[in-house]
There are 2 protein chains.
Amino acid sequence: MIGQENGLPADFLSDLASAVGAANIRTGAGIAELDPGEDPDNLGASAVISPATTGEVAAIVRLCVRYGVPVVPQGGRTGLVGGGISTAGQLVISTRRLNRIERLDADERVAVVEAGCTLQALQEAALAHRLEPGIDLPARGSATIGGMISTNAGGIMAFRNGVMRHRILGLEAVLPDGSIYSDLTRVVKNSAGYDLKHLLIGAEGTLGIVTRVAIKLDAVPAAHAVALFGFDSVPAALAAIRRALDARVGELRAAEAMWADYFRYAARHFGWSAPDFSMEHRIYLILSLGGADEAALQEELAAIYEELLGTYPETSAVLASSLAQEQAIWRLREESAVIYVDYPNSPSFDVSLPLSQVDDYVRASIAGLAGVSPGLAPFVFGHLGDGNLHIMLNRAEDALTADDIAGVEAVLYGGIRQRGGSFSAEHGVGSKRIHALYATADPVKLGLMQAIKAMVDPGDLMNPGKVIDPSRLPETKHSG
Amino acid sequence: MIGQENGLPADFLSDLASAVGAANIRTGAGIAELDPGEDPDNLGASAVISPATTGEVAAIVRLCVRYGVPVVPQGGRTGLVGGGISTAGQLVISTRRLNRIERLDADERVAVVEAGCTLQALQEAALAHRLEPGIDLPARGSATIGGMISTNAGGIMAFRNGVMRHRILGLEAVLPDGSIYSDLTRVVKNSAGYDLKHLLIGAEGTLGIVTRVAIKLDAVPAAHAVALFGFDSVPAALAAIRRALDARVGELRAAEAMWADYFRYAARHFGWSAPDFSMEHRIYLILSLGGADEAALQEELAAIYEELLGTYPETSAVLASSLAQEQAIWRLREESAVIYVDYPNSPSFDVSLPLSQVDDYVRASIAGLAGVSPGLAPFVFGHLGDGNLHIMLNRAEDALTADDIAGVEAVLYGGIRQRGGSFSAEHGVGSKRIHALYATADPVKLGLMQAIKAMVDPGDLMNPGKVIDPSRLPETKHSG
């Protein structure tokens with residue numbers, strides 16, 4: 001296929017083939033064989049290239065600069081906000097072949113991996129040493145470490161371990177001019193000048209392509225125990241989290257919430273119920289403790305329940321006593337895509353709130369959405385330990401109109417910065433949330449973002465149309 | 001004093017007085033009354049100004065831009081590498097009056113504090129809610145949160161909680177043009193565009209002045225227990241850390257090491273000894289466990305000792321059974337300045353190594369230093385949990401010559417990047433380690449650092465002469 005007319009210069013394609021081998025370049029029908037992943041528009045590019053080394057990535061980027069061809073980096077194609085979509089005339093650089101685990105030192109508790117390594121591959125390699133990367137999310141089988149870095153992924157352990165940014169000790173990337181940024185330290189303490197890897201983490205490929213990283217690993221507890229609680233108030237759920245943080249045995253590893261409408265929908269869908277467990281609570285909470293001894297952890301969860309009953313006598317709880325029970329509880333929370341069964345046109349949102357704001361935010365959102373469109377209501381669930389809420393809407397037959405979407409965003413994003421939260425917790429900005437970023441972010445921050453993008457990528461060749469809108473002048477920068 | 005000839009334009013000083021009040025500006029003898037802190041050169045500036053609000057800081061910076069006056073921000077003046085030194089013609093902006101704890105929400109587990117708040121003040125306020133900022137260091141009584149952010153401080157809990165960078169959820173700063181960067185989110189998950197607060201964290205005031213931050217708090221365990229171990233090898237000490245990370249009861253909160261020469265010096269100085277505890281080990285390790293029950297934690301430490309004896313039969317241990325015993329153990333490690341009693345001309349170094357490299361690095365350093373100058377030997381101690389070693393030298397009467405210092409740095413810094421470590425773990429670069437930064441850092445990183453500095457602070461007015469050397473051209477940027 002190489003060299004034929006497909007929106008890219010023939011010389012460019014033959015130079016690419018010289019750099020990485022024609023077998024590693026796909027065009028036309030070769031692209032059509034690939035799985036586009038979460039977004040059908042991911043594979044609109046004229047070519048998809050799969051380099052196997054950092055040097056090959058750098059060579060490709062230098063060719064893109066020479067020929068003026070825009071680049072879209074892709075990992076597992078699991079992004080939810082269009083950060084990986086590509087169009088004709090662009091080149092997708094896939095990290096599929098950059099998937100090695102180069103080093104995993106159990107004493108160091110550090111892994112060095114290439115960007116295309118999946119989270120699950122790293123988890124499995126680490127587990128052999130009773131270690132874990134300290135971050136976990138449902139797309140683990142497809143999501144790559146490079147992609148998770150580029151979106152600054154979060155997941156269920158962020159309240160204790162931080163997000164992807166906090167797990168990365170060292171990073172190598174190809175910058176937009178084709179130079180290689182190399183800072184592969186394997187230490188958490190590094191005050192050697194500006195820590196510029198944090199510019200690349202969360203930049204969604206707009207400032208360069210992450211090729212390798214050193215990632216911190218933590219010891220995995222030998223055992224764990226899981227309970228599902230039902231509470232009549234958000235403050236009761238927050239009190240439960242605090243009590244679990246103070247656990248006498250073990251340590252809290254997950255604190256996942258489901259508000260009533262979501263919980264009842266999922267429970268009904270999966271046919272879940274438990275004796276003496278009320279389906280009429282306001283909020284449901286999964287707590288998972290990790291530690292050395294399963295029986296002791298289960299006793300601790302039972303003790304937490306007993307203590308909570310003293311203050312919140314209406315509390316329900318079910319303690320998982322088998323792996324099957326545990327999986328059945330987790331499925332209620334993790335398989336949130338079941339909402340699409342009845343509500344195929346549900347848009348989804350991903351916000352982050354300080355814990356003191358969560359209750360009021362959800363109440364205000366429920367009221368506000370009903371005002372946008374009669375009957376419109378949210379399904380709310382997420383990572384209560386860190387205030388990250390996922391919100392889906394009960395939209396069945398028809399997609400919301402553009403006006404309605406604007407109204408919904410006004411409800412969900414309006415005032416979120418004043419509350420100390422963020423309109424995008426862990427999904428990123430991509431191509432679909434740029435307007436929300438510009439509507440909510442500090443103008444001084446936006447101005448500085450644009451200035452950095454213009455400086456690092458003056459040709460706007462790195463994942464153009466994502467995160468940043470270079471057409472907006474940073475005119476507000478000096479207004480502070 | 002305001003307005004007199006002191007190296008600053010009289011109009012500038014009167015404009016400053018209009019902005020913040022003459023009572024908050026010191027010159028001449030007024031400066032001489034201040035404590036210069038760790039570096040006698042900290043207070044060489046022509047004036048010291050103490051704003052009380054972010055708006056006042058912004059007004060001051062705008063005046064500095066208008067008059068072309070360089071600014072040196074100062075917090076507790078505890079920096080160890082000359083990051084706060086100032087000279088005639090410069091203005092020191094002290095954060096002394098910016099010291100409020102504005103918000104401390106126990107449910108959120110987040111504090112919002114001004115930059116001049118000391119670590120200890122925050123620790124005490126948080127402790128009232130059984131919370132802690134998750135970072136601790138001996139200078140806690142003087143070191144300010146703003147200063148700790150600017151140097152990306154580390155301390156004893158970094159192996160589990162990360163460094164200062166990992167604790168900061170939101171940040172407000174005055175940029176070099178006087179605009180206010182405002183990103184005071186109180187959430188750990190925030191993927192709303194480039195996370196530019198990480199440019200300001202660790203920039204040592206060269207890209208702006210941090211004025212307020214939101215900082216993550218963690219639950220404090222109700223009890224703790226401390227033991228001191230002696231091992232005949234570094235691998236044995238690392239095995240002890242791993243075993244403590246896998247503790248059946250409690251969680252590891254400190255893993256502080258002292259190599260033999262340092263330990264014996266400190267023990268002799270403080271008259272410390274314990275029955276059946278050998279002073280002839282190669283390395284000594286303090287382990288501290290936190291948890292709910294002191295007796296259970298002490299039993300766990302005893303169990304760790306028993307298990308280690310199975311593999312490392314020569315191990316010594318002493319378990320603190322009183323607060324006095326615990327403090328006596330900690331004093332050996334924390335009061336490292338006792339080295340200066342016998343070695344007043346000891347230079348000190350602060351490096352970071354992957355744990356797999358620590359043993360070999362220390363051995364190579366001992367051999368290398370002896371080659372620089374006969375009898376020259378290191379005292380080594382530090383945060384073994386994260387590979388941060390502090391190194392002092394046995395230099396008594398005479399300071400090392402410049403040639404010897406160059407030789408010492410070649411030994412201690414040479415190859416450190418190849419080992420995956422850093423020449424500066426937690427003390428920063430300041431004015432004294434710029435040459436080491438340029439000698440060890442990736443040239444692409446240096447080039448990008450300089451380009452960002454030139455863009456954000458084109459007048460080089462923010463803490464000039466620190467971290468960056470603008471006179472060096474970033475000519476290597478495109479060489480990668």
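Reader: How many salt bridges does the rule find across the interface of chain B and chain A?

Author: A salt bridge pairs a side-chain nitrogen of Lys or Arg with a carboxyl oxygen of Asp or Glu, within 4 Å. In this predicted model, the rule finds 10 across the interface of chain B and chain A. One salt bridge joins the side chains of B:Arg165 and A:Asp195, at 3.6 Å from N to O.

Reader: Which elements of chain B each supply at least two residues of the side that touches chain A?

Author: Among them are the strands β5 (101–105) and β9 (180–183). The helices α9 (234–245), α14 (355–372) and α17 (443–456) also belong to this group. α17(B) gives the most, with nine residues.

Reader: What classes of residue does that side of chain B have?

Author: It has 36 nonpolar, 30 polar and 27 charged residues. As for polar contact, the rule finds 44 residue pairs across the interface.

Reader: How do I read the size of an interface?

Author: It is often given as the accessible area lost when the parts come together. Here chain B and chain A bury about 7,400 Å² between them. Carbon and sulfur atoms carry 56% of that.

Reader: Which three residues supply 13% of the area that chain B buries against chain A?

Author: They are B:Lys189, B:Ser191 and B:Tyr194. Counted by contact, 93 residues of chain B meet 93 residues of chain A.

Reader: Which residues of chain A does the UniProt domain annotation cover?

Author: The unreviewed UniProt entry places "FAD-binding PCMH-type" on residues 41–220 of chain A. That stretch is 23% helix and 24% strand. Its end C-alpha atoms are 38 Å apart.

Technical notes. Residues numbered from 1 in each chain as written. Chains lettered and ligands numbered in written order. Predicted model: local features only at pLDDT ≥ 70, side-chain atom pairs only at ≥ 80, totals over all residues. Heavy atoms only, no water. UniProt positions renumbered as here; feature names shortened; annotations may be inferred. Helix = DSSP H or I, 4+ residues; strand = E, 2+ residues; numbered from the N terminus. Contact = heavy atoms within 4.5 Å. Buried area = accessible area lost by both parts, 1.4 Å probe. Polar contact = N/O pair within 3.5 Å; in protein donor to acceptor, adjacent residues only side chain to side chain. Nonpolar A, V, L, I, M, F, W, Y, C, P; charged D, E, K, R; others polar.
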